[in-house]
Amino acid sequence: MYCVRKVTDDLYWIGGNDHRLSLFENIHPIPKGVSYNSYALIDKKTVLFDTVDWSICREFLDNLKFVLDGKDLDYIVINHMEPDHGASLEEVLLRYPKAKIISTEKSFMLMRQFGFDIDGKEIEVKEGDTFSFGKHEVVFVEAPMVHWPEAMVTFDKTNGVLFSADAFGSFGALDGKLFNDEVNFDRDWIDEARRYYTNIVGKYGPFVQSLLKKAAPLLPDIKYICPLHGPVWRNDFEYLIDKYDKWSRYVPEDEGAVLIAYASMYGNTEHTAQVLATKLVEKGVKNVAVYDVSNTHVSYLISEAFRVSHIALCSVTYNLGIYPVMHNFLNDMKALNLQNRTFALVENGSWSPKSGDLMEQFIDEELKLMDVLNDRVTVSSSLNETTEKELDSLVETILDSMKK
Ligand code: FEO
């Protein structure tokens, strides 16, 4: 059976949702599922825009068959060849052997690397090339490293549809909804959209900036943004583009927001983090988020680190080093290229506190354009009256830094 939705009169969403997968890319938890979006255009020629992950291939093929309504498939545009979108290509080719594939040179290389038989089917396109399917004419825009090197986006000039590949996507299954105005995105989706962007594409901010600049002239003509995951956008583009602009420039989304991430073995560092949070809130900081790094998947910590302007790291010393899960968080910040944040450091150690020095060294030497506040707090086993006063001083320093 099929489950499709119309995007426009002759364009259909024919993707599907996956609630069974627990880890996207076998690393990121997706408790709200994920959608793999594919689109079919029924013009004089029939066109498929990207395929889907293998997990939903069967329903996707049913969807494609339904919208083709007895017609053959003429073209397959592959904007992104990562297997969560490209894995079902060979199954499509088996059923529609006359279909030609339109994609980039690197994408064809990847298809061969994944073992697909595409000989004689390739139509290679480059930046600015156009193609007509009848009424609809599209232009191809290369989007390297958003999020793989072969990626491109396709703009349908006839109906103003931008097929944006991984750009503007989100974790979260659609579950019947399709358009951004059918959900409360700012309430229910933004956290998963940020977590998707920051963990999947976050490293490649300059490439996203380059795509945003290339797409800017198209903006007045864009009526729909069709990503490969999450809702299709048909209004409120400024909201979405503003988020992408900030995330890809590593500019905090919420100035004056503080993320407190703590690593605690027996609760004493946790208590210190809670006291720090309480003092910040008492001083009027409205946006304070506290996470135990041991119980929070690092993808959530990264998402929050991209959101806030200030990050307080409170870490116990472990084997004379940084607590391993805190170290992992720092390593992920480096891997994902996070920049332009202000750090406050709290260390704990019962006989030889080292984590403060080591965290500061990591931030100074491994991360870019970060500030570490001078008022580091050193806790010896547990918070006492002296260290509590040092926390007060740290809070004042954090507040001062927010005024700059
Ligand atoms: Fe959703 Fe980069 O694939």
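Modeller: Quick ground rule before we start: the axes here are lines fitted to C-alpha atoms, and angles run from 0 to 180 degrees between N-to-C directions. And keep in mind that this is a predicted model.

Colleague: Fine. Why are α10 and α11 called roughly parallel to each other?

Modeller: Helix α10, residues 324-335, packs with helix α11, residues 355-366, at an angle of about 10°. Angles under 35 degrees count as roughly parallel, so α10 and α11 get that label. Their axes are 11 Å apart.

Colleague: Which residues make the contact?

Modeller: From α10 you have M326, H327, L330, N331 and K334, and from α11 there are M359, F362, I363 and E366. By class, that contact of α10 with α11 comes to 5 nonpolar, 2 polar and 2 charged residues.

Colleague: On to the loop between β13 and β14, where M145 sits. What makes M145 count as buried?

Modeller: Buried means under 20% relative accessible area. M145 has 18% relative accessibility, so M145 counts as buried. Its phi is near 65°, a positive value in a residue other than glycine.

Colleague: How do you know that the peptide bond from V146 to H147 is cis?

Modeller: Omega for that bond is near 20°. H147 lies in the loop between β13 (137-142) and β14 (152-156).

Colleague: And why does A165 count as buried?

Modeller: The cut-off is under 20%, and A165 has 2% relative accessibility, so A165 counts as buried. A165 belongs to strand β15, residues 161-165. Phi of A165 is positive too, near 55°, again in a residue other than glycine.

Terms used:
Residues numbered from 1 in each chain as written. Predicted model: local features only at pLDDT ≥ 70, side-chain atom pairs only at ≥ 80, totals over all residues. Heavy atoms only, no water. Helix = DSSP H or I, 4+ residues; strand = E, 2+ residues; numbered from the N terminus. Parallel < 35°, antiparallel > 145°, perpendicular 65-115°, else oblique. Contact = heavy atoms within 4.5 Å. Nonpolar A, V, L, I, M, F, W, Y, C, P; charged D, E, K, R; others polar. Buried < 20%, exposed > 50% of the residue type's maximum accessible area, 1.4 Å probe, protein only.
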